[in-house]
Amino acid sequence: MKIGAPFRSILALVASPAIAAGAGGAPPAPHPAPTPAAVSRIELEHSNVPGTDMETRIYLITFAPGTAAPLHHHPVEGIGYIVEGKARSAFGTDAPVTLFAGQGFRDQAMTAHTVFANADARKPLKFLVAYTVRKGTPVMEVP
(Lines give C-alpha, C1' and ligand atoms only; values in the text may rest on other atoms or scores of the structure.)
Protein backbone atom coordinates (compact mmCIF):
# COMPACT_ATOMS: atom_id res chain seq x y z
CA MET A 1 0.00 0.00 0.00
CA LYS A 2 1.36 3.39 -0.98
CA ILE A 3 1.00 6.08 1.69
CA GLY A 4 0.64 9.71 0.56
CA ALA A 5 2.62 12.59 2.01
CA PRO A 6 -0.26 13.96 4.18
CA PHE A 7 -0.79 10.56 5.82
CA ARG A 8 2.96 10.12 6.38
CA SER A 9 2.93 13.53 8.10
CA ILE A 10 0.09 12.43 10.37
CA LEU A 11 1.91 9.20 11.23
CA ALA A 12 5.07 11.20 12.00
CA LEU A 13 3.04 13.48 14.29
CA VAL A 14 1.53 10.48 16.07
CA ALA A 15 5.00 9.02 16.63
CA SER A 16 6.41 12.30 17.97
CA PRO A 17 7.48 12.33 21.64
CA ALA A 18 5.02 15.12 22.50
CA ILE A 19 2.05 13.10 21.22
CA ALA A 20 3.44 9.75 22.37
CA ALA A 21 3.58 10.80 26.05
CA GLY A 22 0.82 8.85 27.76
CA ALA A 23 -1.42 9.97 30.60
CA GLY A 24 -2.23 8.03 33.75
CA GLY A 25 -5.75 6.80 34.32
CA ALA A 26 -8.25 5.20 36.61
CA PRO A 27 -9.11 1.50 36.71
CA PRO A 28 -11.77 0.32 34.22
CA ALA A 29 -15.39 1.08 35.00
CA PRO A 30 -18.52 0.33 32.99
CA HIS A 31 -19.16 3.27 30.66
CA PRO A 32 -17.79 6.10 32.82
CA ALA A 33 -18.27 9.56 31.39
CA PRO A 34 -14.85 10.56 30.09
CA THR A 35 -13.15 13.48 31.77
CA PRO A 36 -10.96 15.95 29.88
CA ALA A 37 -7.84 14.27 31.31
CA ALA A 38 -9.09 10.79 30.28
CA VAL A 39 -9.74 11.55 26.59
CA SER A 40 -7.95 13.93 24.26
CA ARG A 41 -9.18 14.71 20.75
CA ILE A 42 -6.90 16.60 18.37
CA GLU A 43 -8.23 17.63 14.96
CA LEU A 44 -5.20 16.99 12.77
CA GLU A 45 -6.68 18.23 9.53
CA HIS A 46 -9.92 19.25 7.89
CA SER A 47 -10.78 19.84 4.27
CA ASN A 48 -13.83 21.33 2.60
CA VAL A 49 -15.62 19.12 0.07
CA PRO A 50 -15.80 21.38 -3.02
CA GLY A 51 -19.29 22.46 -4.09
CA THR A 52 -20.96 21.25 -0.88
CA ASP A 53 -21.55 22.30 2.71
CA MET A 54 -19.52 19.26 3.83
CA GLU A 55 -16.04 18.87 5.26
CA THR A 56 -13.81 15.91 6.06
CA ARG A 57 -12.06 15.89 9.43
CA ILE A 58 -9.39 13.57 10.77
CA TYR A 59 -8.76 13.27 14.49
CA LEU A 60 -6.09 11.73 16.71
CA ILE A 61 -7.91 10.52 19.82
CA THR A 62 -6.22 9.21 22.97
CA PHE A 63 -8.03 7.31 25.74
CA ALA A 64 -6.19 6.97 29.06
CA PRO A 65 -5.84 3.42 30.42
CA GLY A 66 -9.20 1.85 31.23
CA THR A 67 -11.26 4.77 29.89
CA ALA A 68 -14.61 4.11 28.18
CA ALA A 69 -16.84 6.38 26.11
CA PRO A 70 -20.45 6.88 27.17
CA LEU A 71 -23.27 5.45 25.06
CA HIS A 72 -23.33 7.52 21.85
CA HIS A 73 -23.86 7.44 18.10
CA HIS A 74 -22.21 8.97 15.05
CA PRO A 75 -24.33 10.96 12.55
CA VAL A 76 -22.24 9.61 9.64
CA GLU A 77 -20.00 6.64 8.97
CA GLY A 78 -16.38 7.04 10.03
CA ILE A 79 -13.23 5.10 9.24
CA GLY A 80 -10.37 4.70 11.65
CA TYR A 81 -7.07 3.07 12.46
CA ILE A 82 -5.69 1.89 15.80
CA VAL A 83 -2.23 3.47 16.15
CA GLU A 84 -1.33 2.19 19.61
CA GLY A 85 -2.97 -0.04 22.22
CA LYS A 86 -6.21 -1.98 21.94
CA ALA A 87 -9.90 -1.06 21.96
CA ARG A 88 -13.18 -2.85 22.64
CA SER A 89 -16.05 -1.77 20.41
CA ALA A 90 -19.67 -2.79 19.79
CA PHE A 91 -22.68 -1.33 17.99
CA GLY A 92 -26.32 -2.05 18.77
CA THR A 93 -26.77 -5.57 20.12
CA ASP A 94 -23.54 -6.92 18.59
CA ALA A 95 -20.98 -8.54 20.90
CA PRO A 96 -17.87 -6.41 21.55
CA VAL A 97 -14.81 -6.99 19.37
CA THR A 98 -11.23 -6.23 20.30
CA LEU A 99 -9.22 -4.07 17.89
CA PHE A 100 -5.43 -4.04 18.04
CA ALA A 101 -2.72 -1.63 16.87
CA GLY A 102 -2.45 -1.82 13.09
CA GLN A 103 -6.13 -2.63 12.53
CA GLY A 104 -8.66 -0.44 10.75
CA PHE A 105 -12.27 -0.07 11.84
CA ARG A 106 -15.58 1.46 10.76
CA ASP A 107 -17.89 3.57 12.90
CA GLN A 108 -21.49 2.86 11.93
CA ALA A 109 -23.81 5.79 11.24
CA MET A 110 -26.90 6.39 13.40
CA THR A 111 -26.44 3.14 15.36
CA ALA A 112 -25.96 3.06 19.12
CA HIS A 113 -22.22 2.72 19.84
CA THR A 114 -22.83 0.71 22.97
CA VAL A 115 -19.18 -0.06 23.78
CA PHE A 116 -16.02 1.84 22.98
CA ALA A 117 -13.24 1.53 25.52
CA ASN A 118 -9.52 1.30 26.00
CA ALA A 119 -9.16 -2.43 26.61
CA ASP A 120 -5.89 -1.99 28.52
CA ALA A 121 -5.84 -0.87 32.17
CA ARG A 122 -2.15 0.15 31.92
CA LYS A 123 -1.48 1.65 28.48
CA PRO A 124 -3.15 4.44 26.51
CA LEU A 125 -5.19 3.82 23.36
CA LYS A 126 -4.42 6.07 20.36
CA PHE A 127 -6.40 5.98 17.15
CA LEU A 128 -7.07 8.02 14.04
CA VAL A 129 -10.63 8.48 12.79
CA ALA A 130 -12.05 10.45 9.86
CA TYR A 131 -15.59 11.64 9.14
CA THR A 132 -17.17 13.64 6.33
CA VAL A 133 -19.96 15.76 7.83
CA ARG A 134 -21.85 19.00 7.27
CA LYS A 135 -19.72 21.93 8.38
CA GLY A 136 -20.20 22.58 12.10
CA THR A 137 -21.85 19.20 12.77
CA PRO A 138 -20.50 17.13 15.69
CA VAL A 139 -19.09 13.69 14.83
CA MET A 140 -20.40 12.11 18.06
CA GLU A 141 -23.74 12.64 19.82
CA VAL A 142 -24.52 11.50 23.37
CA PRO A 143 -28.22 10.89 24.15
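**Figure 1. Contacts across the sequence.** Among contacts (heavy atoms within 4.5 Å) between residues at least 6 apart in sequence, 69% join residues at least 24 apart. This is a predicted model: local features need pLDDT of at least 70, side-chain atom pairs count only at pLDDT 80 or more, and totals for chains, interfaces and linings use all residues. Residues are numbered from 1 along each chain as its sequence is written, and side-chain values use heavy atoms, with hydrogens and water left out.

**Figure 2. Confidence along the chain.** The average pLDDT, the predictor's confidence in each residue from 0 to 100, is 83 for the protein. A score of at least 70 is reached by 75% of the residues. Over residues 5–32, pLDDT stays under 50. For that stretch the model has 41 contacts beyond four places in sequence.

**Figure 3. Order of the elements.** The protein has two helices and eight strands. Both kinds are DSSP runs, numbered from the N terminus: helices are H or I with at least four residues, strands are E with at least two. From the N terminus on, the order is α-α-β-β-β-β-β-β-β-β.

**Figure 4. Buried residues.** Of the 143 residues, 36% count as buried, meaning under 20% relative accessible area (1.4 Å probe, protein chains only).

**Figure 5. Strands lining the largest pocket.** Strand E1 (39–48), strand E2 (54–63), strand E6 (104–107), strand E7 (113–118) and strand E8 (125–134) each supply at least two lining residues. A pocket is an open set of points on a 1 Å grid over the protein atoms alone, where a 1.4 Å probe fits, with protein on both sides within 12 Å along at least five of seven lines; lining residues have an atom within 4 Å of a point.

Notes. Buried means under 20% relative accessible area, exposed over 50%, partly exposed in between (1.4 Å probe, protein chains only).
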